[in-house]
Amino acid sequence: MPDTQNSRGLYRFALLTASCTVLLLMAGALVTSNNAADSVPDWPLAYGHLVPPLVGGIRFEYAHRVLAAVVSILTFVLAVWVTRSESRPVAKRLGWTAFALVIAQAVLGGIRVLVGHPALSATAHAVLAQIFFSTVVGLSLYLSPWWQKDLPQLDQAASRPAFLLATWTTVAIFVQLILGAAFRHGAFGIQPHLTGAGIVTIMVIWAAQTVKHSFPGVREIRLRVVFLHATFGIQVLLGVAAYWAVLRAGANFQPSATYVTLTVAHVLGGALLLAASLILTLSCFRLIRPSSLVAVNSTGARLAGPAAS
Amino acid sequence: MVTRGRELHSLKVTAFRLVVLALALASILSVGCSRPRNEESGVTTAVPPTSSTLTVDPSTAGAIRGTVTLEGQPPALPPINMSGEPGCRKLNAGPVIPPEIITGPSGGLANVVVYVKSGLGQYGGFKTPKDAVALDQKNCMYDPRVVALMVNQQLEIHNDDATIHNVHAMAKENKEWNKGQRAEGPAIETSFSQPELAIPFMCNVHPWMRAFVFVFAHPYFEVTSKNGAFELKGLPPGTYTIETWHERYGIQDQSVTIGPRETGQVSFRYKS
């Protein structure tokens, strides 16, 4: 059994890393919305120094770099702490995967600065950011006391379709984020992202209803469905508002405060929606017996032999 | 006597042949060396001439003259918000209106690029001017807003402000580049090897800063001032498509035909 105090500390540190990642996502969105991505033409230094003159768009770009460094350090500490404290191999793998992703993300950010081609490099940078965030969220959930306690396994005939639906909803939201990033960075127009919004709407409603009906008495599932609904609803409203702000901005070269606020909020909303769907999907995996022939213990390891009741 | 006469004739023939040979060599050398030379000489051509390139004959060259005007009252543009940039605010005494639409008292429209879009046919080998074109960053604005130059002509970008700028040339036909330029730092010297229209130049430190650079393979272009007038001189006789570009009001084309030593007239009217 893991040391409770240490594991709580580790869980809280994982949450801190996830929270700082949200701030980092916000800083990145501010860079894009303020058209400041190219305000510092060199990397890893800034105008040849560690600290550049903090004027104009440089403030956004530099803040983003500083936060990226903080998150990288936090992720490294998290990976080391997980390796030293955890006996579960999945936790260790997730920790080092997160660290590899944040380093790759930093390099991709440097490529974006040095090579340009924002349609490709900035889109890839934005997508990898969501993958990293999802990894940290997943790891945080995996390290949570809730995940590690002995939970009753739900042996429901409808469990597998609900789990699969939740999984595909998470995938659909991720694809929608890619389409949104591609539109934002000029790879293509808004139409694919609008189409994706329609598909995600159907899937979120369908998955949430299916999961709720499949597990009516399970409090954790109910709370996660509420979280999913809430983030989804807010994100739809933010999407409409952000698009209105984009149309209103038109060819205006100077981003307005309204445009910046709404577009940044929509980017953050997308990340939180992805996190909500991922948490629901992983929770279904944790609670639902994968098949009638296999059981899992509280650590997620499969037990040999017929399923326990 | 007869022998001396023959010797003299032979000498004359030889001399004549040598002169012809020298002239032929000179002609071959002058054609073969019409390629971009050492930059120090300042004599380069925008596009290397081919064997079929024609050279403009100044004795038959004409011109196309005209005006570009804006009908109606231009919209009032909101001032640039420099509240977050104390450095730029200090450089500007009052509100700064983005210089997108500049008109003169008679309705002339400034910052319109007028150029020959087509009609030059085989004419080419135009010499690139050795004078550089200047683009300044002054009071946190690009000045002038629209600049036109020839392929391989030097563009000098100055930072006259006591603040940092980055110069981001978002070219598509040419290589895109982005360089930082410190306060009152050395000029950035650059040129473009390909013709390209309306290359946006921006500063990501101050995102309202915008300029447009046009690069032509020929010298028949002009950027209008407030009077909206233009004159494209030295054009060989022919029929041309003259095109105008304005950053807000877009593009217009008209066809003009000029004969030897004629001046054609054409007017462009944009509607507000």
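Q: What makes residues of chain A and chain B count as being in contact, and how many are there on each side?
A: In this predicted model, 17 residues of chain A are in contact with 18 residues of chain B, where a contact requires that the C-beta atoms of two residues lie within 7 Å. By class, the side of chain A that touches chain B comprises nine nonpolar, seven polar and one charged residues.

Q: Why is α2(A) called roughly antiparallel to α3(A)?
A: The axes of the two helices α2(A) and α3(A) come within 8 Å and cross at roughly 160 degrees. Because angles over 145 degrees count as roughly antiparallel, α2(A) is roughly antiparallel to α3(A). The residues of the contact of α2(A) with α3(A) divide into 13 nonpolar, five polar and one charged, and α2(A) passes α3(A) in a left-handed crossing.

Q: What makes a residue of α3(A) buried, and which are buried?
A: A residue is buried if 20 or more other C-beta atoms lie within 10 Å of its own, and those buried in α3(A) include A:Leu94, A:Phe99, A:Val102 and A:Arg112. What covers the buried residues of α3(A) includes α2 (57-85) and α4 (118-143) of chain A.

Conventions. Residues are numbered from 1 along each chain as its sequence is written. Chains are lettered from A and ligands numbered from 1 in the order in which they are written. This is a predicted model: local features need pLDDT of at least 70, side-chain atom pairs count only at pLDDT 80 or more; totals for chains, interfaces and linings use all residues. A residue is buried if 20 or more other C-beta atoms lie within 10 Å of its own, exposed if 12 or fewer, and partly exposed in between; C-beta atoms are placed from the backbone. Helices (H or I, at least four residues) and strands (E, at least two) are DSSP runs, numbered from the N terminus. Ala, Val, Leu, Ile, Met, Phe, Trp, Tyr, Cys and Pro count as nonpolar, Asp, Glu, Lys and Arg as charged, and the others, Gly among them, as polar. Axes are lines fitted to C-alpha atoms, for helices over the stretch in contact, and angles run from 0 to 180 degrees between N-to-C directions. Angles under 35 degrees count as roughly parallel, over 145 as roughly antiparallel, 65 to 115 as roughly perpendicular and the rest as oblique. A crossing is left-handed if the near helix is turned anticlockwise from the far one by less than a right angle, and right-handed if clockwise.
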